[in-house]
Amino acid sequence: MAILKELFGNMPDKTEVYKYTLTNGHGVSASFITLGAVWVSMLVPGRDGQMADVVLGYDDLDSYLKNPPHFGAPIGRNANRIGGAVITIDGKDYPLEANNGPNNLHSGPDFYHSRLWNCQASETVEGSRLDFSLESPDGDQGYPGNARITVSYLLTEDDSLKLEYRMVSDADTVANFTNHSYFNLAGHGCPDILKQQVWINASHYTPADEVSIPTGEIAPVAGTPMDFTEMKEIGRDIGEPFEALVLGKGYDHNWVLDHPEGELSLAAKAYDPESGRMMEVYTDLPGMQFYTANFLTDELPGKGGAVYGYRHAYCFETQYYPDAVHKPQFPSPLLKAGDTCHTVTVYKFTTE
C-alpha cells in the first residue's frame, strides 16, 4: 500500500490544493483532492489486466472550482432535493436557497465541494486511509447547528473503496450525505453506457413529480422499466414511455433498498461486458439514487480532453430518500443534537 501527496494547484488566494493518491498491492489506485474532498480518479483493471480510470472528472483545479455536475463530490448536509426549499425542525422553519426550480438540490449553491477540507493520511491494517474534515457553522447553507463533519476514504487490498461519513452537531439538524461520482466501467472517456448492465437490490422505488420531488408513494418496480431486480442493460427500457422515465428524461430516481436500515449489505452492481469490469455497491443507508447522466453536458473538457455528455456515465448515490424531511413515512435524516451520524458506503471493483 502507498500514499502519494502532490500539489494539484492553487486557489485564487494562492492557497495550495493537494492531491492524494492511494495505491494497493494490485496497482489499483484512487485519488482525491483537498478541494471538496473530491474523488478524482479510480484506476482499476479489466479482465485482460488493462487499467482504466472509471470515474469522470477534470485535470485542473479551475474546473473543479466550477464542477457543475458535482463530479466525485461529497454532498451534504442534505443530498438530493428538498421540496419548496424549506425544512422545519422542532417547529421552526429554516429557509434554504431554491437552486433547482422551487426546490433545494444538494444543499447548494454553497456546496461543500467548493471548500477546502483538512486531510489526514494514514496506513491502517485495512489499507490506506484519508480522513477529510470540515467545520460547518450554525446557519451554514441555511441549516441549524455547528457541525463537525468527516468524510473518510479507505482503499483495501480486495480493491474496495470504503467511504465513511460522520457528523455531530450542537443542534437538531439534517445529516444526509452521499458521493456524486459518475462511473463508466469502460473508462471515463467512453461515450456510451447503455450496453452496460445494472442490478439493484430494490423491489420498490419512490415515484416523483415533474420537479423530481417524491409524491410520498412507495411503488413496486415489478412490471415496470424501473425493475432492476435481475441484471439488465441500462438502455433496454430507458426509452419506454413510462411516466417516471419521461419526467426524469431517463433514470433519475430513488430506489428503496431491500435491507434493514443500518445494515451494511449489497445494494447494486454494474457490469461492462466489453472490459469485464464489475462494481458492487454496499451501503447501510435506506435508499439509492440511480442516475444515468440525463442532464450531463460538455460544459468543460474532462480528463485527457475527454468530452462528457448525455448518458455517458451513471451515478449510484446512496442516501436517505429525497424530500424525506417532508415525508414522515420515509426514514428520517434528522440528527439530534449531540448524536453522531455515521454511515458507510463501499464500492468494490472486480472482473468477470
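A salt bridge here is a side-chain nitrogen of Lys or Arg within 4 Å of a carboxyl oxygen of Asp or Glu. With that in hand, let's begin with a group of four: R129, D131, E164 and R166 are linked in a network of salt bridges. Please keep in mind that this is a predicted model, in which local features need pLDDT of at least 70, side-chain atom pairs count only at pLDDT 80 or more, and totals for chains, interfaces and linings use all residues. Residues are numbered from 1 along each chain as its sequence is written, and side-chain values use heavy atoms, with hydrogens and water left out.

The whole structure holds 12 salt bridges. Side chains of opposite charge can pair when their charged atoms come close. Strands are DSSP runs of E with at least two residues, helices are runs of H or I with at least four, and both are numbered from the N terminus. R115 also forms a salt bridge with D110, at 3.1 Å from N to O.

How exposed are these partners? Buried means under 20% relative accessible area, exposed over 50%, and partly exposed in between (1.4 Å probe, protein chains only). R115 is buried because its relative accessible area is 16%, and D140 is buried at 9%, whereas D110 is partly exposed at 40%. Another salt bridge joins D323 and K327, at 2.5 Å from N to O, and both of these residues are buried.

Next, look at T343 in strand β27 (residues 340-351). Its relative accessibility is 8%, so T343 counts as buried. Leaving aside neighbours within four places in sequence, T343 is in contact (heavy atoms within 4.5 Å) with L163, E164, Y165, D284 and L285.

Finally, the lining of the largest pocket can be sorted by residue type: 10 nonpolar, 11 polar and 6 charged. Here Ala, Val, Leu, Ile, Met, Phe, Trp, Tyr, Cys and Pro count as nonpolar, Asp, Glu, Lys and Arg as charged, and the others, Gly among them, as polar.
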